[in-house]
Structures are given as structure tokens and as C-alpha cells.
Amino acid sequence: MTFDWHTHRLSRNAVVDIDPTGLDAARLRGLMPAGKGYLFSVGIHPWNVGVCSVRDLLTVRAIAAAHDVVAIGEVGLDTSKGSPDDLSRQIEVLKYHVEVSETLGKPLILHIVRRFPEIIRLKKELKPKQRWIIHGFRGKPELVKELLRHGFYLSFGRKYNAASLELTPPDRRLFETDTPPDKKCRK
């Protein structure tokens, strides 16, 4: 792998995911050293939507404008860890991130678990100009065909379906480690 499109561990030659939920400005700056050659994505993970505040959302917008933030996310739809009732709030927060992505001209990194019909519907509805990248993609070839037909990019990590990887054209295929953060980088 030459470039890591999604990791949670501070490293170069990678996009390091930062979720500002509940972080104060000093802690956040400590996670994002400026001028050191690091690249970041910023967004509220769907598992954190229930505890994120308006302040957290405004922090996303403020941080996303920085030149070393190259993508918005990891955001998305995933009710596997909570109630299906959380889906409406996740959609609301996702739409906020889409607006930030479109305004700043930065791609969107998506965490989608069992909610592919909803994300396809949202993409059709919102008609984004920026790339939408499904991170950690493990789906079957039939799902690859559907997502590619709707303009998604797919990012493959350590676990993936080999036939799906082969079916994804090189110009729509990304790679990632999704490495968890070091203990010192956790909230």
C-alpha cells in the first residue's frame, strides 16, 4: 500500500481520522500537530452522534477548513451498536457533514454498516460533487456493482472480499489500514 486513506493512528502518508466529539480545543490541537506533514479527516462517527453537541458540529466545520484536513469523516450510518431510532439523527448529522464537504470541496469518508440503500438514496437526493468513499468495504460483488453505478469510491482494509476488490476499477479503489489509535491518542 502506498497511501493509507483511513487510519486512527498518527502517521505520515495517511489520512488520520479525528472525531472531535467531546474534545476541548487544547486536546484537539494535541491530536493534530500542524506543520508536521500529517493529513487529517475530521467528522463525527455515527456511534458518537447520540452524544455529540452543537459545539462538536461547529468544531468540525472550523477544523475542516484547515489545509492539512483533506477529507470530511469518518461519518455515516450504522445502527448496529444502537437503536434503529438513531438512524434519523445519524442522517441529520451526515447531511451536515455533506454540506461541509461540498462547501470546502473535500471528499467524504463514510462508515456504512447495513445501511447501503439509505446511503444510495441520500447520494441521489443530495447530488454531491465531492467523492463519497465507503471506508473498510467488505461487501459482495453485487453490492460493488450497485455502489459503483452510483458513483461511490471504495476503500479496502485488511479484511475484504477478493472478488469485490478485483471488480473495483483502480481509479475507484483506495486502500486503508483503519489502525486504531495509540493509547496516547485516545480521548
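At what angle do α2 and α3 pack, and how far apart are their axes? In this predicted model, α2 and α3 pack at an angle of about 20°, and their axes lie 11 Å apart.

**Helices α2 and α3**

- Angles under 35 degrees count as roughly parallel, and α2 and α3 are therefore roughly parallel to each other.
- The crossing that α2 and α3 make is right-handed.
- On the α2 side, the contact is formed by L57, L58, V60, R61 and A64. These residues meet V93, Y96, H97, E99, V100 and L104 of α3.
- By class, this contact of α2 with α3 comprises eight nonpolar residues, one polar residue and two charged residues.

**Helices α3 and α4**

- Helix α3 covers residues 86-104, and helix α4 covers residues 116-126. The axes of these two helices come within 12 Å and cross at roughly 40°.
- The helices α3 and α4 are therefore oblique to each other.
- Where α3 passes α4, the crossing is right-handed.
- From α3, the residues L87, I91, L94, K95 and V98 take part in the contact. Their partners in α4 are E118, I119, R121, L122, E125 and L126.
- The contact of α3 with α4 contains seven nonpolar and four charged residues, but no polar ones.

**The largest pocket**

- The largest pocket holds about 930 Å³ of space.
- Its lining consists of 35 residues, of which H8, H45, E74, H135 and D178 are the closest to the centre of the pocket.
- Two elements, β2 (14-18) and β5 (108-113), each give two or more residues to the lining of the largest pocket.
- The lining of the largest pocket divides by class into 14 nonpolar, nine polar and 12 charged residues.

**The second largest pocket**

- The volume of the second largest pocket is about 190 Å³.
- Among the 13 residues that line the second largest pocket, A25, L28, R29, M32 and I63 are the closest to its centre.
- The elements α1 (25-31) and α2 (54-64) give two or more residues each to the lining of the second largest pocket. Helix α2 also packs with α3, as described above.
- Seven nonpolar, two polar and four charged residues make up the lining of the second largest pocket.

**Backbone geometry**

- Most residues other than glycine have a negative phi, and most peptide bonds are trans.
- The peptide bond that runs from G73 to E74 is cis, and its omega is near 25°.
- E74 belongs to strand β4, which spans residues 69-78. E74 is also one of the residues closest to the centre of the largest pocket.
- R114 is not a glycine, yet R114 has a positive phi of about 55°.
- R114 is placed in the loop between β5 and α4.

Key
Residues numbered from 1 in each chain as written. Predicted model: local features only at pLDDT ≥ 70, side-chain atom pairs only at ≥ 80, totals over all residues. Heavy atoms only, no water. Axes fitted to C-alpha atoms, helices over the stretch in contact; angles between N-to-C directions. Helix = DSSP H or I, 4+ residues; strand = E, 2+ residues; numbered from the N terminus. Parallel < 35°, antiparallel > 145°, perpendicular 65-115°, else oblique. Left-handed = near helix turned anticlockwise from the far one by under 90°. Contact = heavy atoms within 4.5 Å. Nonpolar A, V, L, I, M, F, W, Y, C, P; charged D, E, K, R; others polar. 1 Å grid on protein atoms, 1.4 Å probe; cavity = no way out; pocket = protein on both sides within 12 Å on 5 of 7 lines; lining within 4 Å. Points joined across faces, edges and corners; volume = space filled by probe spheres on them.
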